[in-house]
Amino acid sequence: VLQVRQKEAGYDISLLGGTKDISAGQLVDRIGVLIGCRFPAGGEMEALAQRADAASIPAPVSVDGMDCSFSGAENSLKISAGEGADAGAICRAVFGCISGTLSKMIRAASKKTGLKDVLLVGGVIQNQMIRDALAEDIQRKAPNIRLRLCPKELSGDNAAGVAALCRKMYESRGANP
C-alpha cells in the first residue's frame with residue numbers, strides 16, 4: 001500500500017503497508033501450479049473459477065492494519081487441494097481471499113490517511129472476479145472511497161508502471177530518452 005502524491009518533478013511516495021510474507025501474485029501462482037495450472041497461473045485459474053460451483057472453500061483473510069499475510073491462506077488451500085477439493089472452488093477461494101484482503105487494507109489506509117482515491121495496478125488486478133468482488137465490497141462498506149482499477153491491458157506487470165514513472169521523472173529533468 002503506497003501513498004502517492006505528485007510533486008512538481010516526480011512523486012512523493014510513502015509506504016503505508018504491505019505483505020508480511022508472500023504476495024498475492026505468489027499465492028495465485030503457487031496454488032495454481034499445485035492444482036495443475038501452467039505458470040503464470042492467473043488466467044487458467046480464473047477460467048476454472050468461473051466454471052466452478054458458487055460454493056467456495058474458505059480461505060483465511062489475514063490483515064493487521066495495512067499489512068497482510070497470505071501464507072495462512074496458502075497453507076489452508078494446500079490442505080484443501082490435498083484432500084481432493086474441486087480445483088475451481090480452490091481458485092474461487094484464492095480470489096476471494098485476495099479481494100477480501102485488499103478491501104480491508106484499502107479501508108484501513110483510507111481511515112488512517114483520509115485519502116479517498118485508490119488506484120490498483122499489477123498482474124493480479126487483471127482478474128475480473130477480484131475486480132468485481134473488490135468493487136462490490138468497497139461500494140458496500142466504504143462508498144466514499146473512489147476505487148480506480150487500471151485497465152486490464154495495462155495491468156500485466158508492475159514493472160511497466162515503474163518504467164513509465166522513471167521515464168516521466170527522467171523527462172522532467174529536461175533530458176531526452
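The model is predicted.

**Stop 1: D29**

Start by selecting D29. This residue sits in helix α1, which covers residues 24-34. D29 is buried, yet it has no salt bridge. Where is the nearest side chain of opposite charge? It belongs to R30, and it is 8.4 Å away. Now show the contacts of D29. Leaving out residues up to four places away in sequence, D29 touches F39, P40, A41 and G42.

**Stop 2: the bond from F39 to P40**

Two of those contacts deserve a stop of their own. Select F39 and P40 and look at the peptide bond that runs from F39 to P40. Is that bond cis or trans? It is cis, with omega near -10 degrees. Most peptide bonds are trans. P40 itself lies in the loop between α1 and α2, the latter being residues 42-51.

**Stop 3: helices α3 and α4**

Next, select residues 71-82 for helix α3 and residues 87-113 for helix α4. The two pack at an angle of about 170 degrees, and their axes are 11 Å apart. An angle over 145 degrees counts as roughly antiparallel, so α3 is roughly antiparallel to α4. Which residues make the contact? On α3, pick A73, L77, S80 and A81. On α4, pick I90, A93, V94 and C97. Colour them by type: seven are nonpolar, one is polar and none is charged.

**Stop 4: V94**

Stay on helix α4 and centre on V94. Its relative accessible area is 0%, so V94 is buried. Which residues does V94 contact, leaving aside neighbours within four places in sequence? They are L27, V28, I31, M45 and L77. I35 and V94 are 59 residues apart along the chain, and their C-alpha atoms are separated by 12 Å.

**Stop 5: salt bridges**

Side chains of opposite charge can pair when their charged atoms come close. How many salt bridges does the structure hold? There are nine.

*E74 and K78.* Go back to helix α3. The side chains of E74 and K78 meet in a salt bridge, at 3.4 Å from N to O. The two are four residues apart in the helix, so about one helical turn separates them. E74 counts as buried, because its relative accessibility is 6%. K78, at 40%, counts as partly exposed.

*R107 and D137.* Now select R107 and D137. They form a salt bridge whose closest N and O atoms are 4.0 Å apart. R107 is in helix α4 and D137 is in helix α5 (residues 128-141), so the pair ties together parts 30 residues apart in sequence. R107 has 24% relative accessibility and counts as partly exposed. D137 has 10% and counts as buried.

*R148 and D117.* Move to the strands. The side chains of R148 and D117 meet in a salt bridge, 3.0 Å from N to O. R148 lies in strand β6 (residues 146-149) and D117 in strand β5 (residues 117-120), so this pair ties together parts 31 residues apart in sequence. Is R148 buried or partly exposed? R148 is partly exposed, at 44% relative accessibility. D117 is also partly exposed, at 44%.

**Last stop: a network**

Finish by selecting R107, D137, R140 and K141 together. Salt bridges that share partners join these residues into one network.

Definitions and conventions. Residues are numbered from 1 along each chain as its sequence is written. This is a predicted model: local features need pLDDT of at least 70, side-chain atom pairs count only at pLDDT 80 or more; totals for chains, interfaces and linings use all residues. Side-chain values use heavy atoms; hydrogens and water are left out. Buried means under 20% relative accessible area, exposed over 50%, partly exposed in between (1.4 Å probe, protein chains only). Lys and Arg count as positive and Asp and Glu as negative; His and the chain ends are not counted. Contact means heavy atoms within 4.5 Å. Axes are lines fitted to C-alpha atoms, for helices over the stretch in contact, and angles run from 0 to 180 degrees between N-to-C directions. Angles under 35 degrees count as roughly parallel, over 145 as roughly antiparallel, 65 to 115 as roughly perpendicular and the rest as oblique. Ala, Val, Leu, Ile, Met, Phe, Trp, Tyr, Cys and Pro count as nonpolar, Asp, Glu, Lys and Arg as charged, and the others, Gly among them, as polar.
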